[in-house]
Amino acid sequence: MERIIIHSDLNNFYASVERKLHPELRGKPIAVCGSKEERRGIVLAKSEEAKRFGVKTGDTIWQAQKKCKDIICVPPHFDEYMKHSRAVKAIYARYTDLIESYGIDECWLDLTKSTRIFPEYTPKYVEVNGEKYFSDKYLQFLGDTIREEVKREIGVTVSCGVSFNKVFAKLGSDLKKPDGTSVISKLNYKSVINGLPVEDLLYVGKATREKLRGMGLNTIGKLAAADEEYIVKTFGKVGETLLRYARGEDSDEVKHMDEKREYKSIGNSCTYPEDIIDLTRIERLLYVLSESVAARLRETDQGLADTVHLWVRDSNLNDFSVQKKVRHTALCSEIAKHAFDLFKSNISAPFSVRALGVTVSGFDNGTSQLTLDETCGNYKKLEKVERCVDEIRKKYGYDKLQRGVVAEEPSQMRNDIKNSHLIKPANFEDRAKQNEKDDN
């Protein structure tokens with residue numbers, strides 16, 4: 001049965017919510033920034049007006065101001081973004097319970113069996129060579145209907161891609177921004193996507209793009225028509241995925257809104273208002289990050305992790321990442337220690353750190369058994385303590401209980417990055433990780 005998959009992408013979401021809260025900002029170039037007071041704060045989101053001046057997410061404030069002298073920088077309000085995100089998803093839930101979030105501002109919806117598919121709409125189907133398909137006009141109507149409801153009721157705009165699989169729906173939502181609907185159907189997909197640059201395909205990174213271009217495969221259509229044996233020989237299993245995506249053969253299902261999400265990794269990162277040049281401060285900041293990662297790991301109920309990853313960005317915006325296998329753990333203290341060991345082993349003084357990130361992966365889903373030494377030791381006690389800290393913070397606020405190692409870092413005492421830095425589920429990211437390895 002042909003599916004109806006919609007990918008919705010809220011346009012410039014943080015900036016759109018800020019302008020809804022502050023109507024005086026409408027029509028002006030604005031940027032939502034992590035640290036308005038510091039020149040080294042970064043742009044988290046920008047309005048269309050700022051985008052026209054070349055302002056990009058990740059720019060420092062001074063870079064944004066250099067590109068657009070009249071830009072207005074506003075601080076983020078994550079509680080409001082979550083509130084608006086939930087309100088938008090409540091609209092989606094009128095149509096289907098197959099709603100899979102991809103971060104705070106993106107979702108896939110499966111409307112194939114929706115009770116609100118407007119059976120009175122004509123023509124709903126068209127027949128081609130004896131086969132019955134949903135008409136492009138009908139699919140356009142569905143995307144436009146949802147898009148208009150969000151705009152009218154929530155006051156923010158959304159771009160929708162409507163297709164028969166998740167990959168093409170995601171591609172479609174990028175074609176008409178802001179506030180547009182694109183249809184990539186069984187009837188038109190070749191004419192719509194074959195001429196698009198190959199990098200428009202989901203998870204084709206810079207290095208993969210250059211390899212494909214070097215092979216003469218600079219469009220999605222050329223990739224789709226390529227010899228499978230040649231592609232698989234060049235890219236391995238990633239090549240199989242690329243071909244499947246390009247040929248419209250993705251069969252991934254949209255998960256139920258209440259279904260437990262599967263995570264391949266859980267992490268957090270932070271960009272700091274000034275360069276970090278002191279090893280002691282690095283340790284404190286890694287504890288702050290590890291605290292949020294450990295708490296998220298416990299919340300997602302993925303069990304214990306056996307790999308710790310460290311990411312470092314220096315003052316020249318050069319990135320470095322490294323990882324190590326560890327005994328299975330969900331403890332902040334152990335994650336932080338491993339991350340700090342990775343830093344000391346791989347980063348030599350003098351250093352100037354702009355941003356740090358800590359991630360864990362290799363989840364056991366509760367299947368690992370602690371050794372006798374671990375059971376008799378402090379692991380279980382420490383785990384109980386950390387879970388108690390989670391509950392106290394949930395009830396009284398993040399800053400009400402802090403580790404001693406963090407107490408000497410005043411700027412981080414109230415930095416609840418667990419709730420202010422949002423993550424995306426990784427049901428698609430397992431394939432992204434493969435491409436990242438290729439791109440590295």
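Predicted model: local features only at pLDDT ≥ 70, side-chain atom pairs only at ≥ 80, totals over all residues.

Mentor: Residues are numbered from 1 along each chain as its sequence is written, and side-chain values use heavy atoms, with hydrogens and water left out.

Trainee: What makes Phe134 and Tyr138 a stacked pair?

Mentor: Rings of Phe, Tyr and Trp (its six-membered ring) pair if their centres lie within 6.5 Å; planes under 30 degrees apart count as stacked, over 60 as edge-to-face and the rest as tilted. The centres of Phe134 and Tyr138 are 6.0 Å apart and the planes stand at 25 degrees, so the pair is stacked.

Trainee: Why is Tyr138 called buried?

Mentor: Buried means under 20% relative accessible area, exposed over 50%, partly exposed in between (1.4 Å probe, protein chains only). Tyr138 has 0% relative accessibility, so it counts as buried. Phe134, at 4%, is buried too.

Trainee: How do you know that Phe164 and Phe168 are edge-to-face?

Mentor: Their planes are 85 degrees apart, with 5.7 Å centre to centre. Both residues are buried.

Trainee: What puts the charge of Lys166 over the ring of Trp108?

Mentor: The rule asks for NZ of Lys or CZ of Arg within 6 Å of the ring centre and within 35 degrees of the ring normal. The charged end of Lys166 is 4.7 Å from the centre of the Trp108 ring. Lys186 lies over the face of Phe164, 4.8 Å from the ring centre.
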